[in-house]
Amino acid sequence: MKIVIKHNQQPAPPPVPEKKFIFRKAGEAYNGPAKPTQNQPAAGSKKPADHVMRLLRFSCEVTEWAREQHRAGKRIGFVPTMGFLHAGHLSLVEEARKQSDVVCLSIFVNPTQFGPNEDLEKYPRDEENDLRLCREEGVDMVFLPRPDGMYAPDASVFVDEEKLQRGLCGSRRPGHFRGVCTVVAKLFNIVQPDVAVFGQKDFQQVAVIRRMVRDLNFPIDIVMAPTMREADGMAMSSRNVYLSPTERENALGVSRALKSLGSVGAGHPAAEPMREQMRAVLEQYGLREDYVAIVDADTLEPVSHVEAGNVALIAAYCGKTRLIDNRIL
Ligand code: AMP
């Protein structure tokens with residue numbers, strides 16, 4: 001007897017695709033699902049006028065899309081996000097486009113990576129603006145699952161990395177990387193990318209994902225793109241929207257603390273005075289340290305003496321907002 005297990009625990013797409021599956025020109029009549037219509041690219045758009053961006057909400061549709069791309073010999077680039085997009089996210093799309101033929105961006109505020117007292121409920125969301133930015137940036141497909149569309153109510157399998165997450169954000173946010181690894185593994189299975197791009201802004205996250213990809217044999221290249229910054233040096237983040245104008249000024253202390261280290265020469269300076277120096281800058285800006293660390297870029301273990309290629313990382317509270325940033329020395 002042949003037993004076939006289908007991935008049928010996922011919600012099925014509606015029988016008649018809703019108009020939101022494909023963007024249309026304003027005012028254009030909806031003539032059924034099969035015929036992709038064209039976007040009207042905004043001024044400054046990076047894609048030609050006939051570019052069509054698809055919006056998919058069901059994982060099975062996304063996998064079908066991915067299979068079509070692969071059948072056509074196309075390489076899929078992937079940028080997973082939690083939305084409320086800014087230029088940092090868009091730089092990842094640009095990098096993904098360089099490395100692939102079609103780009104998928106996902107928007108999902110993943111509940112399993114938030115701790116019980118974290119900002120899941122108030123995490124900023126702006127679907128309409130996100131989609132506009134994606135269209136202008138020439139994203140080919142946006143995967144925007146419904147809030148309850150990613151996890152079965154009785155989900156009981158999770159992915160957990162056990163070494164690289166021990167320190168830094170992993171120790172300050174217990175369970176965070178289990179949530180990240182689980183959702184990224186799921187997204188990788190759904191989107192089937194050839195290359196996925198992550199931001200250096202979340203340095204530990206990239207290290208953990210790389211390890212997951214290596215240890216679980218995901219056939220995916222992981223690319224780390226540089227941190228995009230505001231004109232004054234502050235790292236862009238969706239969470240910056242929480243900051244009041246005064247807090248925004250103080251928040252600059254995080255990037256200033258990292259910058260204060262200057263460049264590391266050949267002398268292998270001791271790490272502790274450098275950490276103290278960063279702490280002093282944080283204090284000067286009225287920021288509360290969560291951690292200040294200098295680590296080996298591969299193992300994420302703290303170093304006692306610093307050499308080029310080590311990474312300085314800071315997590316600090318500005319009021320109630322937790323900010324992170326890092327610098328490769
Ligand atoms: P998030 O939406 O915060 O989960 O971030 C999605 C992706 O964007 C992650 O790979 C982040 O590291 C990346 N990212 C966030 N902020 C920046 C930034 N300022 N520059 C570059 N990448 C970023």
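Biologist: Which residue in strand 6 is the bridge partner of Gly199?
Modeller: Since this is a predicted model, local features need pLDDT of at least 70 and side-chain atom pairs count only at pLDDT 80 or more, whereas totals for chains, interfaces and linings use all residues. Residues are numbered from 1 along each chain as its sequence is written. Strands (E, at least two residues) and helices (H or I, at least four) are DSSP runs numbered from the N terminus, and strand 5, residues 195-199, pairs with strand 6 in the parallel sense over 5 bridges. Within strand 6, the residue bridged to Gly199 is Ala225.

Biologist: Which helix gives the most residues to the shell around the ligand?
Modeller: Counting a residue as near when its C-beta atom, placed from the backbone, lies within 6 Å, there are 17 residues around the ligand, of which Gly88, Phe198, Gly199, Met228 and Met236 come nearest. The shell divides into 7 nonpolar, 8 polar and 2 charged residues, with Ala, Val, Leu, Ile, Met, Phe, Trp, Tyr, Cys and Pro as nonpolar, Asp, Glu, Lys and Arg as charged, and the others, Gly among them, as polar. Strand 5 and helix 2 (87-99) each supply at least two residues of the shell. With 4 residues, the largest contribution is that of helix 2.

Biologist: How far apart are the axes of helix 5 and helix 6 where they pack?
Modeller: The angle between helix 5 (residues 176-191) and helix 6 is about 55 degrees. That makes helix 5 oblique to helix 6, because angles under 35 degrees count as roughly parallel, over 145 as roughly antiparallel, 65 to 115 as roughly perpendicular and the rest as oblique. The contact joins Phe177, Val180, Cys181, Val184 and Ala185 of helix 5 to Gln205, Val208, Ile209 and Met212 of helix 6, and by class it has 8 nonpolar, 1 polar and no charged residues. The distance between the two axes is 10 Å.

Biologist: Over how many bridges do strand 8 and strand 9 pair?
Modeller: These strands belong to an open sheet of 3 strands, in the order 7-8-9, with antiparallel pairing. Strand 7 (288-295) and strand 9 (321-328) stand at its edges, and Ile314 has Asp325 in strand 9 as its bridge partner. Between strand 8 (residues 311-318) and strand 9, the number of bridges is 8.

Biologist: At roughly what angle do the axes of helix 7 and helix 8 cross?
Modeller: The axes of helix 7 (residues 245-259) and helix 8 come within 8 Å of each other, and helix 7 is roughly antiparallel to helix 8. Gly253, Arg256, Ala257 and Leu258 of helix 7 meet Met278, Val281, Leu282 and Gln284 of helix 8, a contact with 5 nonpolar, 2 polar and 1 charged residues. The crossing angle is roughly 155 degrees.

Conventions. Pairing = 2+ DSSP bridges. Axes fitted to C-alpha atoms, helices over the stretch in contact; angles between N-to-C directions. Contact = placed C-beta atoms within 7 Å.
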